[in-house]
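Please read it alongside the sequence and the coordinates.

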Amino acid sequence: MSVVDDPATASVASGAKRPSRLFKNLSAKIASIPMILTALCVFVGGTTWTVVYSFTNSRMLPRENFVGLDQYERLWGTDRWIISIKNLAVYGVCSMILTLLIGFTLAACLDRKIRFESAFRTIFLYPFALSFVVTGLAWQWILNPDFGIQNVVRSWGWESFAFDPLNNPDIVMFGLLIAGIWQGSGLIMCIMLAGLRGIDDDIWKAAKVDGIGTIKTYIVVIIPMMRPVFITSLVLIASGIIKLYDLVVAQTGGGPGLSSEVPAKYVIEYMFRAQNLGQGFAASTMMLCSVVVILIPWAYLEFGGKKRG
Amino acid sequence: MKLSTKLMAATAIVSASAASAVELEVTHWWTSGGEAAAVAKFAEAWNATGNTWVDGAIAGSGGTARPIIISRILGGDPMAATQLNHGRQAEELIEAGLMLDLTDVAEAGNWREIVNPPSLLDSCTLDGRIYCVPVNIHSAQWLWLSHDAYEAAGLDVPTDWNEFVASAPALEAAGTIPLAMGQQGWQQNLAFGAITIAVAGLDDWREVTVNKNADVARGESYAAVFQAAADARELARNSNVQDWNQATNLVITGQAGAQLMGDWAQGEFSVAGAVEGQDYSCLPGLGLNEILDTGGDAFYFPVNDDPEITAAQKELAALLISPEVQVSFNLAKGSLPVRGDIDMSTANGCMQKGLGILADGGILPSGDQSLSADTQTQIEDLMAQFWSSDMPADEAQAKYADIIASAD
Amino acid sequence: MANVDQLGAAVAANTVIGPRGPKPRKRFSRNNIFLYGTLIVVGMYYLLPLYVMIITSLKGMPEIRLGNVFGPPLEVTFEPWVKAWAEACTGLDCTGLSKGFWNSVQILIPSVVLSIAVASVNGYALSLWKFKGSEVFFTILIIGAFIPYQTMLYPIVIMLREIGLMGDLWGLVLVHTVFGMPILTLLFRNYFASVPEELFKAARVDGARFWQIYFQIMLPMSLPIFVVAIILQVTGIWNDFLFGVIYTKPETYPMTVQLNNIVNSVQGVKEYNVNMAATLLTGLVPLVIYFASGKLFVRGIAAGAVKG
């Protein structure tokens, strides 16, 4: 399957095989031991272990007392898990759409050969250097109802203005979203910008000759051409969304009530706080499944694209 | 068995030799102002013995700290001593042989006789062996009232929960939040528990929490409890703080009329310099049912290979329950001492009320002692959901009964 | 395999930010006003938190209580910074964030060195010294990068316990090395694969062996990719919270965990100015690296983003 193998490598490797199979490449094999251990013990072994033990009724300590699908039945009968999934879905869909939209728009603006491009790029990207904990705490302060935006707008004379997402269960996920997009959209902008820079100038010339307007050119011509870039961006955003944890812990702690709980937090709290390992393992197995659901269509698209191209 | 006999032998050898100065790392989750002042009393007493107290405070509530503590014990990197609530939390760790057997210390110190109520020691006991030192008694069923808030509204300070509910509209009219409530599951669960004991009474509470009788949980008395909780939810509508001590602070500053919180709120009032009966009042059992649960904090000592540390652990265990340390610690913390034979006359009015109830035997076991961490978490999740949404009382009751039915 | 390679290629391609772009427009048109307007408004959204954090951290508490979160400080004070660094309390321990800072440094340096050393050798072996099965392990590694950490948290507790490193700084170093491996290996593999084949062949003809070629030829010529890897790892490890909170103990807490503790352990009144100073202090290291490294940073994070 090594489609993009370096020809040099292939020839060297095959040439090197001749004398003695086991010893010829011994140094490389020894050097790869950490990688092999990581791949087999941690990634394959660890994940399998968790999946297997999700079928047990392990409490504080792992035990091999298998109970079939009990943990999964309880998981899907638990309000908190359902709420976590719904929260993540809302966050995920909004985050994907808005991040792509903002990322692409900003990249397109920067690509118009403007002045101070690098200054703008620096501004849009710096939040990405910060941790989610820092991001969460900063926005927690700005959204503080007594001191932050709400208070400032009220002091301008709009007394009835209400914007208190962190204490309002209905919109708390949007409070997280504001912070999450702030942190992550700069990266997508960078990737989009690189994609736009990869598009041939002739395309623009042709569009101009055909009399297609700028915005229409972007929508009709450029975006379809950037399909791989969009797919990469989507995978990046999606895999980040599933792991959403630090931001919630720092910014809302899952509150008010359960209204900003997320699956990753459920896993950790049931594993360690509720001392119900089996339940935590079942929930993490479900997270694993959701990643598989995202990865398979992506792999299929990429693979299919390659065949055609 | 083998492990414990080995340990006994090891300690016997060491305790014979003179104990030298040892550093013990102690983890706990006492990080609010009042709590930190209290834990300092432990540290002072331990340092006075020539040893060193290495403070391992873990911020956040027990919910945050417990996993860290447990994963370290399981991870083979145990601290020398750690706070854990009494009850079922440590059961599996003890069964796995990870906790130091303190039975010899307990016998030497005659804990069986001095610990009051004896149920505290029972929760430290597994198969006749003692594994933890109870250090205080916590009761959760307290209503704290702000005199400032009532003065500003021109009202008398209520003397029980019902009067408080009746006074709420006037408080609200005066621009005060009637009930301060931190938006965290355990606090909301605590408030629910306090209301339960006040509204449903002891027998039904015992039937549900101790005997896990789901039929009673579905019954009328609990319907009344959930209705009362739903009413309280309305009173706390405008309270948008998260931490319990922020909520207490609302009461201290008169921004809120009252708070349902455990006796540890006392520590915050003391730190703020507020005077009981003058700036604030406290109503144990919400003024309705003069009864307190006897949950509390206990210290466990994870098994250690180093005989020197093991000996020091036992020394610390004995120290924590000694009369002087019990007095100074509990005065600072606002909790009740675990032994009835010490002089607490310097305690303030609220603690005296608690001591009085304790002396009269108005006690019941706490939820921690009856329910597993798993069930507790489920109930806390339900309460977090109930208090911060518009879930109807009957729906919450049905869910609650289901959790009780499947509790182990 | 195809998906993996393509992802690597996509990342590599995307990181090339050149000066190409549509033609310049010099006129002060309506379009341009709209364009700059959008950029400036959005730029304000991005700058707002940094601005608010800085001014809040320079105000005294009485001024903060007055309310205007956006107003510049009437009286500048550095007290909150001092307090955040050296005096803020978690429980009895009032040594501020400084302890967490030094812990993070102690975690960071070995983690960065070890993870990059291991991954560069991996990438080198995978691109130039393929052996039977090497691609299989690499595929597992890359797929592993997408597995939610939650499914591996507990098995790692057990593994660390077995080798006696639970709660130890070195345990966390090992965890960072393991989880940094997929992306770094990908990075180095793609880089070494682009090395001209003549160079490698010539060295082989001269009889140079695996380590000789690595140290004498590959290392000296791959400085840029090492810089990218260092930037990626320094920011990633510094910003980690999840592993820090699970695999360490209070005395070895990294800075992010300690920050969360300090901000969330309230004693009486929340000191927002101290909290913001602490938050800024924690963000300072990655910010400095970001502003100092410029375009290399972009390459680093674009590669690191695959990690999710």
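Among contacts in chain A between residues at least 6 apart in sequence, 68% join residues at least 24 apart, where two residues are in contact if their C-beta atoms, placed from the backbone, lie within 7 Å. This is a predicted model, in which local features need pLDDT of at least 70 and side-chain atom pairs count only at pLDDT 80 or more, while totals for chains, interfaces and linings use all residues. Residues are numbered from 1 along each chain as its sequence is written, and chains are lettered from A and ligands numbered from 1 in the order in which they are written.

Chain A has 16 helices and zero strands; helices (H or I, at least four residues) and strands (E, at least two) are DSSP runs, numbered from the N terminus. Of the 309 residues in chain A, 50% are buried, a residue being buried if 20 or more other C-beta atoms lie within 10 Å of its own, exposed if 12 or fewer, and partly exposed in between, with C-beta atoms placed from the backbone.

The largest nonpolar core has 303 residues, and those with the most contacts inside it are B:Leu143, B:Trp144, B:Ile195 and C:Ala278. Helix α10 (residues 172–197) of chain A gives the most to this core, with 16 residues. Because domain 1 (2–138 + 294–364) and domain 2 (142–293 + 371–406) of chain B both give residues to this core, it lies between them. A nonpolar core is a set of buried Ala, Val, Leu, Ile, Met, Phe, Trp, Tyr and Cys residues joined through C-beta atoms within 7 Å. Leaving out residues up to four places away in sequence, B:Ile195 touches B:Val225, B:Ala228, B:Ala229 and B:Ala232.

## Domains and chain contacts

The bounds of the two domains of chain B come from an automatic or database domain assignment, and their C-alpha centres lie 29 Å apart. The contact takes 27 residues from domain 1 of chain B and 23 residues from domain 2 of chain B. On the side of domain 1 of chain B that touches domain 2 of chain B, α18(B) gives the most, with six residues.

Elsewhere, 96 residues of chain C are in contact with 94 residues of chain A, and helix α2 (residues 30–57) of chain C gives the most to the side of chain C that touches chain A, with 13 residues.

## Strands of chain B

An open sheet of four strands in chain B has the order β8-β9-β7-β10, with mixed pairing; two strands pair if DSSP finds at least two bridges between them. Its edge strands are β8 (177–180) and β10 (280–284) of chain B. β8(B) pairs with strand β9 (residues 256–260) of chain B in the parallel sense over three bridges, and B:Leu179 stands opposite B:Ala258 in β9(B).

Strand β6 (residues 132–134) of chain B and β12(B) run antiparallel, joined by three bridges, and B:Val133 has B:Phe299 as its bridge partner in β12(B). From strand β12 (residues 297–300) of chain B, B:Asp297 and B:Phe299 point one way and B:Ala298 and B:Tyr300 the other way, and all are buried.
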